[in-house]
Amino acid sequence: MTVAVAVSLLCEPGVGGSLHLSGGAVLPGGAAAADQESCPIEEPLIGDGVTRGIVRIGDTVRRPVRPFTATVQAYLRHLHQAGFSAAPVPFGIDGQGREVLSFVPGDAPREPLPPEATGEDVLIALAGLIRRLHDAAQGWTPPADAAWGGVPGAETVRISPVDGEAELVGHRDYCPGNVVFRDGLPAALIDFDLAKPTTRLYDIANALYWWAPLLHPADARPPSPTPTSPTAPRSSPTPTA
Ligand SMILES: Nc1ncnc2c1ncn2[C@@H]1O[C@H](COP(=O)(O)OP(=O)(O)O)[C@@H](O)[C@H]1O
Ligand SMILES: [Mg+2]
């Protein structure tokens with residue numbers, strides 16, 4: 001569930017601005033209407049609180065531009081061209097220098113996961129989504145000047161990469177806030193900030209970290225207040241001793 005903390009009405013000159021669309025994408029009607037307004041309604045979107053300044057305007061989302069934004073937009077364009085539509089459509093950069101993406105309808109759950117987001121049907125749907133993403137990503141050659149994002153501070157930790165020789169560009173960040181549910185099941189992926197050349201296996205391992213009941217309650221993160229708490233793994237092994 002997205003937390004909308006406030007709705008601001010910005011009426012300063014240049015706010016909203018014109019869109020510099022790239023890749024021949026067509027802005028959805030609602031978004032175009034909102035952007036042409038002199039006072040577009042900006043609804044702050046706060047997910048996991050990692051990226052500041054994300055807002056929704058009509059059918060679009062505006063996010064700050066980072067060094068990897070153009071690469072991610074090229075990746076998203078490729079995914080759509082390859083038939084994977086369960087991701088935001090990239091619309092380039094707006095008049096304020098923010099990246100523009102389509103708003104993906106649905107709800108992204110937050111941790112601790114609500115019980116309805118912990119069933120096997122959820123895992124199966126998410127696995128299918130990732131498989132379709134991988135199949136669409138396979139064979140894409142990133143631009144020569146591609147830039148990739150990373151977890152802040154990770155470069156200072158001297159751990160060998162576990163994903164070995166890259167097979168494709170994967171999403172690499174399947175935390176609940178990046179998985180949009182519709183009708184109770186994962187239906188789309190958002191937030192491709194950590195997308196990077198990797199392996200299919202690494203991507204699956206990342207998804208399992210967030211979604212599969214791998215940990216004993218004593219090791220769960222965060223510690224489970226009670227065995228029946230939604231933070232507890234779904235099928236905890238029964239203690240035998
Ligand atoms: N394209 C989008 N469509 C729908 N909701 C979005 C979109 N982008 C972001 N959001 C909402 O905003 C939240 C935060 O955005 P996200 O891109 O995941 O940023 P962060 O880097 O903070 O995790 C998401 O969890 C989601 O609820
Ligand atoms: Mg996110």
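How many helices and strands make up the secondary structure of the protein?

1. The protein has four helices and 10 strands, where helices (H or I, at least four residues) and strands (E, at least two) are DSSP runs numbered from the N terminus. Read from that terminus, the order of elements is β-α-β-β-β-α-β-β-α-β-β-β-β-α.

2. This is a predicted model, in which local features need pLDDT of at least 70 and side-chain atom pairs count only at pLDDT 80 or more, while totals for chains, interfaces and linings use all residues. Residues are numbered from 1 along each chain as its sequence is written, and chains are lettered from A and ligands numbered from 1 in the order in which they are written.

3. Of the 241 residues in the protein, 30% are buried. A residue is buried if 20 or more other C-beta atoms lie within 10 Å of its own, exposed if 12 or fewer, and partly exposed in between, with C-beta atoms placed from the backbone.

4. Ligand 1 is surrounded by 19 residues, the closest being Leu 45, Gly 47, Thr 51, Val 104 and Asp 191; a residue is near a molecule if its C-beta atom, placed from the backbone, lies within 6 Å of it. Because domain 1 (8–102) and domain 2 (115–219) both contribute residues to this shell, ligand 1 lies between them. The domain bounds come from an automatic or database domain assignment.

5. Asp 191 belongs to the loop between strand 9 and strand 10. Its phi is positive, about 60°, although Asp 191 is not a glycine. Asp 191 counts as buried because it has 26 C-beta neighbours inside 10 Å.

6. Phe 192 is found in the loop between strand 9 (185–189) and strand 10 (196–198), and it counts as buried, with 27 C-beta neighbours inside 10 Å. Leaving aside residues up to four places away in sequence, Phe 192 touches Val 72, Tyr 75, Leu 76 and His 171; contact requires C-beta atoms, placed from the backbone, within 7 Å.

7. Arg 172 lies in the loop between strand 7 (168–170) and strand 8 (179–182). Arg 172 is not a glycine, yet has a positive phi of about 70°. With 22 C-beta neighbours inside 10 Å, Arg 172 counts as buried.

8. The peptide bond from Glu 111 to Pro 112 is cis, with omega near -5°. Pro 112 is located in the loop between strand 6 and helix 3 (120–137). Most residues other than glycine have a negative phi, and most peptide bonds are trans.

Technical notes: Two residues are in contact if their C-beta atoms, placed from the backbone, lie within 7 Å.
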